[in-house]
Amino acid sequence: MDLKKEQLLDIYKKMCTIRAFESKIVEIFAAGKIPGFVHLYLGEEAVATGVCANLETKDFIASTHRGHGHLIAKGGDLKSMMAEVFGRTTGYCKGKGGSMHIADVDLGILGANGIVGAGMPIATGAAFACKYKNNGAVAVAFFGDGASDRATFHEALNLASTWKLPVVFLCENNGWAISNSQKTHQNITDISDRASGYGIPGVSVDGNDVIAVYEAAGAAIERARKGDGPTLVECKTWRHRGHFEGDPGAYKDPKDQEEWLKKDPIPRLEKNLLKLNYAVQADLDKIKADTEADIEEAVKFAESSPLPDPQELFTDVYAD
Amino acid sequence: MKQMTYAEAIRDGMRVEMQRDPNVYLAGEDVAQFGGCFGVTGTLYDEFGPQRVLNTPISEAVIVGHAVGAAAAGLRPIAEIMFVDFMGCCMDELFNQAAKMRYMFGGKAKVPMVVRTPCGAGMGAAAQHSQCMESWFTHIPGIKTVMPSTPADAKGLMAAAIRDDNPVVYIEHKQLLGVSGDVPEGEYVVPLGKADIKREGSDITIVAWSWMMQKALAAAEQLAAKGINAEVIDPRTLIPLDKDEILKSVSKTGKLLIVHEEVKTSGFAGEIAAIVADEGFDYLDAPIKRVTAPDTPIPFSPVLETAYLPSEEKIIKAVEEMF
């Protein structure tokens with residue numbers, strides 16, 4: 001592991017921030033304070049954080065409907081994110097996108113996406129632009145096990161491998177395509193096996209071990225930066241919640257849920273940090289408390305922000 | 001001015017813009033050494049090389065989808081879809097991604113990309129290689145739809161489409177590819193959203209675009225011999241639509257016929273008719289009429305295909321019925 005103390009503590013803080021953000025969404029969604037659909041990243045924090053710890057601002061990500069974690073990990077502003085979830089003018093998209101479309105192109109975040117599997121072609125195109133401009137940047141496409149069944153997966157991996165584009169296909173296998181368990185929607189266990197069909201490396205890692213994710217993604221990103229082409233990285237993880245808020249997840253076996261809760265990525269990293277003597281419990285408690293305070297502040301900002309003027313409906317359809 | 005075919009004019013439009021802006025590149029099936037399935041990209045591969053003229057796999061979704069990502073990341077892709085009939089294979093990338101990205105992101109993204117694609121019947125290519133389906137695209141806020149009818153327009157609209165900061169669907173008609181005309185040399189831009197009066201007249205307004213504009217012009221000449229002086233308006237771009245020019249013409253003629261090659265129901269003629277009925281009702285002294293393809297798939301046998309297509313005769317008959 002080449003992660004230094006500061007880096008690992010920073011990773012911990014990011015994971016706690018995602019946890020706090022999403023936990024707060026559970027609460028405010030249940031309270032009826034936000035409209036629409038929300039798909040939460042609780043339990044999967046190690047994936048986005050471990051991957052994005054390898055990225056620079058110039059690098060691109062394409063996210064998914066379950067995108068809050070990716071955005072926070074790539075440096076998204078919490079207040080702008082929360083305000084967007086609340087549908088306010090101060091939100092990232094001025095209230096026009098909502099949870100499923102938060103983006104920050106200046107940070108290389110090419111958007112969450114409401115269409116499963118749509119991010120892979122987009123990330124492939126961003127990677128093409130990086131190669132075309134020869135600027136050393138890379139793109140990462142996040143997608144789930146369900147999206148790995150879509151035609152876009154095949155087309156994007158085939159093109160990106162043929163053109164040797166600097167892109168990493170980062171599969172978050174949380175075991176569920178909505179209510180369908182992995183074994184009911186594909187005839188393989190390791191999605192990384194599909195890489196061989198494209199002549200690229202495929203690797204599967206424990207997606208709840210942030211250090212393992214960091215290392216596997218780091219190797220793939222380095223390979224992309226060197227011009228050696230794409231890699232398919234599968235991170236095996238588990239979503240703690242239902243597909244969306246309001247889905248009780250009755251299709252999950254409670255025993256499985258219990259087993260995976262034991263593998264929660266945040267306590268696992270805490271144990272590591274303590275073992276490495278990178279922190280004492282009080283340090284970790286403070287980081288957690290700080291992130292929760294940040295989220296409270298973001299909620300206050302969102303709630304006190306103005307709602308859009310109805311005329312806003314008509315702007316931004318076309319660029320002038 | 002130089003004599004060029006419509007295909008050469010499209011190519012020249014791309015060439016000039018590629019020379020002007022290094023961020024413009026072209027990707028699609030068989031567009032490189034092969035020169036495009038209809039020869040439209042021709043020698044561009046030899047002129048610009050493999051970095052800027054790229055063959056893709058037969059993968060329409062990633063042809064359009066990668067263009068969205070590349071455009072959002074600062075390039076100006078021209079993506080070719082070999083037949084407009086294949087757009088079904090990449091519709092999500094067009095209508096949910098390219099078209100909506102700017103709006104969904106609150107105006108903080110630009111998606112300057114062109115999707116070039118040939119349309120049209122008349123070559124016995126049957127139901128999956130002959131369609132005109134422009135109203136698929138006009139129905140999507142966020143994209144623009146361009147349908148040139150002459151070589152000069154083909155070049156100038158290509159330049160405008162490439163320079164536009166929005167996704168543009170540029171539909172070229174297969175029957176027009178070999179048609180020659182005068183085309184300005186060097187940089188030449190025809191602005192999107194500006195109709196062109198292809199023939200001035202006083203008795204009836206005929207709105208038509210793409211191949212049907214040529215049919216309407218030929219019909220107008222025959223009608224003139226019968227004493228009916230038709231004005232033929234080519235909107236050139238359906239989105240944005242130059243409705244003012246159409247209304248102005250109808251205010252003069254009092255009659256409107258719209259001709260298109262796509263099927264009748266939910267075709268773009270219905271939209272133009274609705275606009276004129278709404279905003280120009282008082283100008284009209286006859287019901288608005290349409291000449292379109294019927295609501296059927298496109299048949300193979302030339303006899304059936306001829307029956308399917310709008311023609312000069314059908315246009316003349318429709319016009320005569322309005323007097």
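Predicted model: local features only at pLDDT ≥ 70, side-chain atom pairs only at ≥ 80, totals over all residues.

Colleague: What makes Ile18(A) buried?

Modeller: Buried means under 20% relative accessible area. Ile18(A) has 0%, so it counts as buried. This residue lies in helix α1 of chain A.

Colleague: Which residues does Ile18(A) touch, apart from those up to four places away in sequence?

Modeller: Tyr41(A), Glu45(A), Thr49(A), Gly69(A) and Ile72(A).

Colleague: Why is the pair Arg19(A) and Asp264(A) called a salt bridge?

Modeller: The rule asks for a side-chain nitrogen of Lys or Arg within 4 Å of a carboxyl oxygen of Asp or Glu. Here the N to O distance is 2.9 Å, so the pair qualifies. Arg19(A) sits in helix α1 (residues 5-30), while Asp264(A) is in the loop between α9 (254-262) and α10 (265-275) of chain A, and the pair links parts of the chain 245 residues apart. Both Arg19(A) and Asp264(A) are buried.

Colleague: How do you know that Asp59(A) and Arg225(A) pair up too?

Modeller: By the same test: their side chains meet at 2.6 Å, N to O, and the cut-off is 4 Å, so this is a salt bridge. Asp59(A) belongs to the loop between α2 (45-52) and β1 (60-62), and Arg225(A) to helix α8 (residues 210-225), 166 residues apart.

Colleague: Are those two partners buried or partly exposed?

Modeller: One of each. Asp59(A) has a relative accessible area of 0%, so it is buried.

Colleague: What about chain B: what makes Lys110(B) and Asp165(B) a salt bridge?

Modeller: The N to O distance is 3.6 Å, which falls within 4 Å, so the pair passes. Lys110(B) is in the loop between α5 (101-104) and β5 (114-119), and Asp165(B) in the loop between α7 (151-163) and β7 (168-173), so the pair ties together parts of chain B 55 residues apart in sequence. With 42% relative accessible area, Lys110(B) is partly exposed, whereas Asp165(B), at 16%, counts as buried. Elsewhere, salt bridges that share partners join Asp153(B), Asp196(B), Lys198(B), Asp234(B) and Arg236(B) into one network. Over all chains the count is 47 salt bridges.

Colleague: Why is α5(A) described as largely enclosed?

Modeller: Because 12 of its 15 residues are buried. Among them are Met120(A), Ile122(A), Phe128(A) and Cys130(A). The helix covers residues 119-133 and reaches 21 Å from its first C-alpha to its last, close to the 21 Å expected. Just after α5(A), Asn134(A) takes a positive phi of about 50°.

Colleague: And what makes Ser181(A) buried?

Modeller: Its relative accessible area is 14%, and the limit is under 20%, so it is buried. Ser181(A) is found in strand β5 (residues 180-181) of chain A. Leaving out neighbours within four places in sequence, Ser181(A) is in contact with Gly175(A) and Trp176(A).

Colleague: How many residues are in contact between chain B and chain A?

Modeller: 46 residues of chain B and 38 residues of chain A. The two chains bury about 3200 Å² between them, 65% of it on carbon and sulfur atoms.

Colleague: How many salt bridges does the rule find across that interface?

Modeller: 0. There are 13 residue pairs in polar contact between the chains, though. On the chain B side, β2 (24-28), β3 (53-55), α3 (60-72), α4 (91-98) and α5 each supply at least two residues. α3(B) gives the most, with 9 residues. The residues on that side divide into 22 nonpolar, 15 polar and 9 charged.

Key: Residues numbered from 1 in each chain as written. Chains lettered and ligands numbered in written order. Heavy atoms only, no water. Helix = DSSP H or I, 4+ residues; strand = E, 2+ residues; numbered from the N terminus. Buried < 20%, exposed > 50% of the residue type's maximum accessible area, 1.4 Å probe, protein only. Expected span 1.5 Å × (residues − 1). Contact = heavy atoms within 4.5 Å. Buried area = accessible area lost by both parts, 1.4 Å probe. Polar contact = N/O pair within 3.5 Å; in protein donor to acceptor, adjacent residues only side chain to side chain. Nonpolar A, V, L, I, M, F, W, Y, C, P; charged D, E, K, R; others polar.
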